[in-house]
Amino acid sequence: MLFNSLEFAIFLPIVFFLYWFAGKGNTRLQNIIILFASLFFYGCWDYRFLFLLSFSILLDFYSGIKISEATTPRSKKLWLITSITINLGFLLFFKYYNFFVQSFADMLLNFGLQANVWTLRIILPVGISFYTFHGLSYVIDIYKGRSAPTRNLIDYSVFVSFFPLLVAGPIERASHLLPQVQQPRTFTFEKASDGLRQILWGLFKKIVIADVSAMYANEIFSSNANLHASTRVLGAILFAFQIYGDFSGYSDIALGTARLLGFELLKNFNYPYFSRDIAEFWRRWHISLSSWFKDYVYIPLGGSRGGKLQAVRNTFIIFLLSGFWHGANWTFIFWGGLNAVYFLPLLLFNRNRNNIEIVAKGQTLPSFRELTAMLITFAQVTFAWIFFRAESLGYAFHYIKGMFSKTLLSTPEVFPKTQLVIIAIFLVIEWMGREQPYAIAGMTVQIPRPVRWSFYFMIIFAIVIFKGSPQQFIYFQF
């Protein structure tokens, strides 16, 4: 069930009505409603994997209690290792089995050895990377003494399977979401209207920015013709807006949906394409994953405490792991490694925390220096996205090679004027709203009603008129 589907447009009001009216004043009943709604939502993708999701929930719920009750460090560690091993075992099997087997066969072939490998036709369970990381952070935090286990299975199940975040995040922490599950929620008109506003903005990003850009980016990336270099550059730029509109649009819908039900999820995007260097970009892109790797991999490895060499090693580890987390393909690993290379000069010269605040805070326009820095960072990110988008490393290098020729200044063969104008307007709105949680969050009751509603109708009009062919959310495959 896609967020931008008719099924979800029917599903969400039903859940909303049952949750606030049938479950009014009864937190336990509300949690049961959310749990059943979440299992139904997930079952619509593939009901067979409900067993896997349920097993993961029971494993981590039980492991958390046993870690807490363990009387010796040895038994505590044993339960932690058991939970991590099983969680990662499922993730590796479903997501990476064929990749490892095929890579091993390819390696043998390089030595002249032909191997008859045994691959499986494995279907990747939707959201497995996300709910596995939920569970891992839960048991690790209990082991470290940072949080206590819940003994309420329904509460824990809601924490892991909450349908707005179940299939593509944000990757939540128990310390943030679980207390909200356990506490009474109160309906407020302001919070609900804010949730609807963020959902509307997320739908615009997904349907108008991402799906339409995808049509042209797919045409360019899949073409075997000898396209102009300018066309290939434009294809990479359109994919940059496709993936941003797709994933940040999904996150906006997820956060808005959760707010309709009285929950606040972790922010996952913070205007990343206005970043002035690659370090700032990674503090603003997929924030919940970046912070997860920082807290559960980078810091346990020693972070930067052991000097520059150790910091460089740990930085490469988390970027390569981040790439591998995205998919079982060398393209993702290369993409992660390339971002680590981008990051390296900032780390070595202690400039990786130079840009913490949003660019041009309190100003209408950026300075020339800020604008230049943003354009350079966007160019770096877009170049790296080519590896993320390509089906193989060979194709990525072939595509890049075609970007450097005398046709770079020619008119692109594919030139979607209307879409480029819409992207330009979108960037202006995002720029104007960059100091808010999301770009149109300021459209509150303080804005005159005619202005506010005219703006909403313009967004709805754009969604209806300029919508593209429906595309599955990119991060559902991860």
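1. Gly 245 lies in helix 9, where a helix is a DSSP run of H or I with at least four residues, numbered from the N terminus. This is a predicted model, in which local features need pLDDT of at least 70 and side-chain atom pairs count only at pLDDT 80 or more, while totals for chains, interfaces and linings use all residues. Residues are numbered from 1 along each chain as its sequence is written, and side-chain values use heavy atoms, with hydrogens and water left out.

2. Gly 245 has a relative accessible area of 0% and is therefore buried, a term that means under 20% relative accessible area, with exposed meaning over 50% and partly exposed in between (1.4 Å probe, protein chains only). Leaving aside neighbours within four places in sequence, Gly 245 is in contact (heavy atoms within 4.5 Å) with Lys 205, Lys 206, Ile 209, Ala 210 and Tyr 250. The C-alpha atoms of Gly 245 and Asp 211 are separated by 8.3 Å, although these residues are 34 residues apart along the chain.

3. Helix 9 as a whole has 32 residues, and from its first C-alpha to its last it reaches 46 Å, close to the 46 Å expected at 1.5 Å a residue; the expected span is 1.5 Å times one less than the number of residues. Because 30 of its 32 residues are buried, helix 9 is largely enclosed by the rest of the structure. Gly 262, which follows helix 9, has a positive phi, near 90 degrees.

4. Which residues of helix 15 (residues 393-401) are buried? They are Ala 396, Tyr 399 and Ile 400, and they lie on the same side of helix 15, because they cover an arc of only 95 degrees around the axis, taken from the directions from the helix axis to the C-beta atoms. Gly 394 and Lys 401, on the other side of helix 15, are exposed. Among the elements that cover the buried residues of helix 15 are helix 8, helix 9 and helix 14 (368-389).

Methods
Helix = DSSP H or I, 4+ residues; strand = E, 2+ residues; numbered from the N terminus.
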